[in-house]
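Dear colleague,

I am passing on the structure we talked about, together with my notes on what turned up in it. Please have it open while you read.

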Amino acid sequence: MFPDDNYIFPQEAAVFVAGTGSKLWEVPTASFTSSSNLSESLQWEQGCQYRHLQDRVRITADVPPRVDGTWVSTRCEVRPGPEFLTRSYTFHPSRHFLALQHFYSDSGCEDPAYSLMIRGKLRLRQASWITRGGTEAEHHLSKVGIVVHSVAAKQRLSSRLPASCVGLILGQMMPGKLYELYNTRAGRGCLEALGFSMMEMGLIRVETQHHRHGGKVQELFLGDIHTDWTQRTQYRPTGYQQPLQNAMHHIHPCPVCALVYRSSEQRPPVLPRGPAAPLSLSGRWVSQRCETRPNILFLTRDFTFDPEQHAWEGIYRHYSDPACSQPTFTLRASGHFAQGNPSVKVSGATELVFKVIQVRVTAAEEPTAKMLNGTRPGKCGRAGGWEVGVEQDLTPTDGCTLLGIKLPHKEYELFKTELDHRKHPVLFIGERPTDGSSPDRPQRRPTSFQAPMMLCSAGETQPSHRSGFNSKQVQLEASGTDRLAQLVSLVLGSVLCSWFCGY
């Protein structure tokens, strides 16, 4: 089972960190230097270095995070459902916030449907013991207003809301006018019918990218949204959504940032139509950052696709820290895929079916090898044969029960390619179910996406057979007991997530 809120890693101490008031912040000392979590940009092989490391960056993450200012979307966001939206969140030194959420009827955020104006107060609590590098927070809503932008949008909302909400709110609603949907004296029934929740504010992380030329980019990571609509209003996040960027310190160029920053509840941003990017998987795609998944998983992904042979290989490097500097194990999967039809739910996306036929695992540290050696014969590779740095094939044992890996395995996927702000291709792959289940049938196909991956090498179409960790990555020191506790939590998360969590 997953560790609860009271789970505490051994060998960690409570320390004071400068912040608002005199709050005692419990900071895991093994994962932070002073008040910042320091990391380098990801270190890929030569084929990826030009685009990924042309501007070497140093990344810091202060705990507690400094959230004052306005933070905006950098692209049309896709949430489970699917829902298409842009966000603009402003936090004041007084701890009050104003959040604007603009919802659209299309995946390009060109046709505004309605906007929500949310006012409330945010209180940072403590460094998260569950999601390392994150900060737990609580929020209190004071008002939620809604503006409908078209008659068609009003009709669609009427079909989703209960009769009481339609009569009280939508009955006399005119497009372009603000109506109160919630206040502290009213119930939340109408909000829940919309699937509305600000539980994303329960987990916060702010990263600052320091570029060599003196510029910086600041990103605000808020908690992930549950992929099951019925669970999202109660779900306490352990992963992150795609980040918002500081309106004063964002990527350049970013036309979407300016449009979202200048928007209001009456004037939602209408995003420009981007150039068509037909799905072309050929080549090698890699993570752009250390990625965080629900159930305390930190990893990077490295995929190679060969469309002519309908073959693919994915390398999932798992870590115990949010900087991806403390490797625990590498998982290398391979198999075949078939490209299907364009998605009806998410315009511009394509449906695919993947079959996994082989998985190999490499333990990167002694506690991992020891844990795997404790499995029963025939359940997880060669019994007693796990060694640090030595890859084992799990195919003969049909996977690994401890890691939740089952072979062979089929999954129904959703892919989409776009061009980023530098006109470079990026690949979006379907978001994994929050509850750890597998999209092993068509009706479970994802409707939202994970973090985008960048095209590293369009010419490399053969599986690379690389499974190690880059020797240039800096490993932070931690005691053996502490590392084992982290690993136990990591593997527990993996079991909940089935084998394919990182995909």
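The notes below go through the disulfides, the salt bridges, the nonpolar cores and one glutamine.

Please bear in mind that this is a predicted model, in which local features need pLDDT of at least 70 and side-chain atom pairs count only at pLDDT 80 or more, while totals for chains, interfaces and linings use all residues. Residues are numbered from 1 along each chain as its sequence is written, and side-chain values use heavy atoms, with hydrogens and water left out.

Disulfides

A disulfide is a covalent bond between the sulfur atoms of two cysteines. Here the term is applied to a pair of cysteine sulfur atoms within 2.5 Å, and by this rule the count comes to four. One of them joins Cys76 to Cys109, with an S to S distance of 2.0 Å; the torsion about this S-S bond is about 70 degrees, so the disulfide is right-handed. The bond links distant parts of the chain, since Cys76 sits in the loop between strand E3 (69–72) and strand E4 (77–79) and Cys109 in the loop between strand E6 (96–104) and E7, 33 residues apart. Helices (H or I, at least four residues) and strands (E, at least two) are DSSP runs, numbered from the N terminus. Cys76 and Cys109 are both buried, where buried means under 20% relative accessible area, exposed means over 50%, and partly exposed lies in between (1.4 Å probe, protein chains only).

Cys380 and Cys400 form another disulfide, with their sulfur atoms 2.0 Å apart, and this one is left-handed because its torsion about the S-S bond is about -85 degrees. Cys380 lies in the loop between helix H6 (366–373) and strand E19 (391–393), whereas Cys400 belongs to strand E20 (residues 399–400), so the pair links distant parts of the chain, 20 residues apart. Cys380 and Cys400 are both buried.

A disulfide also joins Cys254 to Cys257, again with S to S 2.0 Å, and with 70 degrees about the S-S bond this link is right-handed. Cys254 counts as buried at 8% relative accessibility, and Cys257 is buried at 3%.

Salt bridges

A salt bridge is taken as a side-chain nitrogen of Lys or Arg within 4 Å of a carboxyl oxygen of Asp or Glu, and a search of the whole structure finds 26 of them. In one, Asp62 pairs with Arg66, the closest N and O atoms being 2.1 Å apart; Asp62 is partly exposed at 22% relative accessibility, and Arg66 is exposed at 56%.

The side chains of Glu351 and Arg445 also meet in a salt bridge (3.8 Å, N to O). Because Glu351 lies in strand E18 (residues 350–363) and Arg445 in the loop between strand E23 (425–429) and strand E24 (453–457), the pair ties together parts that are 94 residues apart in sequence. Glu351 is partly exposed at 24% relative accessibility, while Arg445 is buried at 16%.

Nonpolar cores

In soluble globular proteins, nonpolar side chains tend to be buried together. A nonpolar core here is a set of buried Ala, Val, Leu, Ile, Met, Phe, Trp, Tyr and Cys residues joined through side-chain atoms within 4.5 Å. The largest such core has 37 residues, and those with the most contacts inside it are Phe91, Tyr114, Ile118, Leu122, Phe196 and Leu220; strand E7 gives the most to this core, with six residues. A second, separate core of 32 residues includes Trp285, Phe303, Ala333 and Val359.

A buried glutamine

Gln218 is found in strand E11 (residues 216–222) and is buried, with a relative accessible area of 15%. Its side chain makes a polar contact with the side chain of Thr208 at 3.4 Å, a polar contact being a pair of N or O atoms within 3.5 Å, of which, within protein, one must be able to donate a hydrogen and the other to accept it, and residues adjacent in sequence count only if both atoms are side-chain atoms. Not counting residues up to four places away in sequence, Gln218 touches Trp71, Glu207, Thr208, Leu244, Gln245, Asn246 and His249, contact meaning heavy atoms within 4.5 Å.

With best wishes
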